Amino acid sequence: MAGRAQPSGPAGSGGGAPGLLPLLLLLLSAAAIIPRGDGQNLVTEDVTVVEGDVATISCRVKNSDDSVIQLLNPNRQTIYFRDFRPLKDSRFQLVNFSNSELRVSLTNVSISDEGRYFCQLYTDPPQEIYTTITVLVPPRNLVIDIQKETAVEGEEIELNCTAMASRPATTIRWFKGNKELTGKSEVEQWSDMYTVTSQLLLKVGREDDGVPVICLVDHPAVKDLQTQRYLEVMYKPQVRVSQNYPLQGLTREGEPLELTCTAFGKPQPTDMRWLRVDDEMPQHVVVSGSNLLISNLNKTDNGTYRCEASNAVGKSHADYMLFVYDPPTTIPPPTTTTTTTTTIPTTITDSRAGEEGAIRSVDHAVVGGVVAVVVFAMLCLLIILGRYFARHKGTYFTHEAKGADDAADADTAIINAEGGQNNSEEKKEYFI
């Protein structure tokens, strides 16, 4: 940062232009007429510049009274005295000179130019302030080294990213695609330069094949400096069995069955075969490349059929469980129209898929019919029993009340009823 103004003696020309008589006379005359510096002060700012760019140094005076301003380098050699340049370095050029400012530019800045530069004001007493030039150096090279050009799924690989010859030391960040990863960095210093190496350990899978790994540099002298390497990962096949026919997934006796096996891997599988698990392949089964065909299913075909695929990395398989059902039976057409929506699965690994739903539909219809018959029978039985009990109750009432229909009151009706019974018995005995 800029230093505080402080008193100092007149600065010489150093080694910039020794033996120059006119300059000495100018310095002597300036020293003889140095004004007082009451109320004056110097102002400057620190400068940060990237190597090879232009640095601008400004010495400014507040409340100027035409005092002499000069600029000195870190070796205290005079660069500019007023608007005169004693130093022979042509990279320094005068940008502006007035009674209140001396502004100088330095082109093609290098690390050797770094340090303190002094602004001096010839007052009584003289004033001095310094500004610091800091030179930034971006990394010279950015390289990713990978342990293995081609990795196998599940392996852990090592990647190293090196940023060489920077100032200050860089910060290295890792990315896999858009995901940031964490590495371990080491810093080495060579003279005034720094070399940073970051190590990344990465366990790869098949999903990492073709994904870029990026090494990104954070440095004040450069933006968006990065390099990348694409991962190449080998993995064993991924196998899938699909049913081409029948489409609805119902495998019935007497019907054909066609299966297709697909496999993807890196490298692409070169060996693919069909087999029957825990049993021999039936003689009538036709295998053609990745397809398996049974033209006429029967119960002996039940079992698990496997498709195996292999490559240089390993072997994988997928299974298909076959269950052969009886041929469909003829079902009387329904009395009402029913609209049915059927969803056809894209991947079927069990031939019994869909059959259970059809069986459950038939079972529900049978159960409903049985329940209707039982309810109708019970209603008929209740009607018959009702009519039977109604008729017997009327007959009993008629015999019980015989002889009491013409009675004038209740007492007479009871006496007539009893008398009727006795008379009946008497008539019965008399008849015999």
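1. The model is predicted: local features need pLDDT of at least 70, side-chain atom pairs count only at pLDDT 80 or more, and totals for chains, interfaces and linings use all residues. Residues are numbered from 1 along each chain as its sequence is written, and side-chain values use heavy atoms, without hydrogens and water.

2. A nonpolar core here is a set of buried Ala, Val, Leu, Ile, Met, Phe, Trp, Tyr and Cys residues joined through side-chain atoms within 4.5 Å; buried means under 20% relative accessible area, exposed over 50%, and partly exposed in between (1.4 Å probe, protein chains only). The largest such core has 23 residues, and L71, I79, F92, L102, Y117 and I133 have the most contacts inside it. The largest share, four residues, comes from β4 (strands are DSSP E runs of at least two residues, numbered from the N terminus). A second, separate core of 20 residues includes A151, I157, C161 and V213.

3. Four aromatic pairs are counted, with Phe, Tyr or Trp (six-membered ring) centres within 6.5 Å; planes under 30 degrees apart are stacked, over 60 edge-to-face, the rest tilted. F118 and Y130 pair edge-to-face, at 6.3 Å centre to centre and 65° between the planes. Because F118 lies in β9 and Y130 in β10, this pair ties together parts twelve residues apart in sequence.

4. F118 is buried at 11% relative accessible area, and Y130 is buried at 18%.
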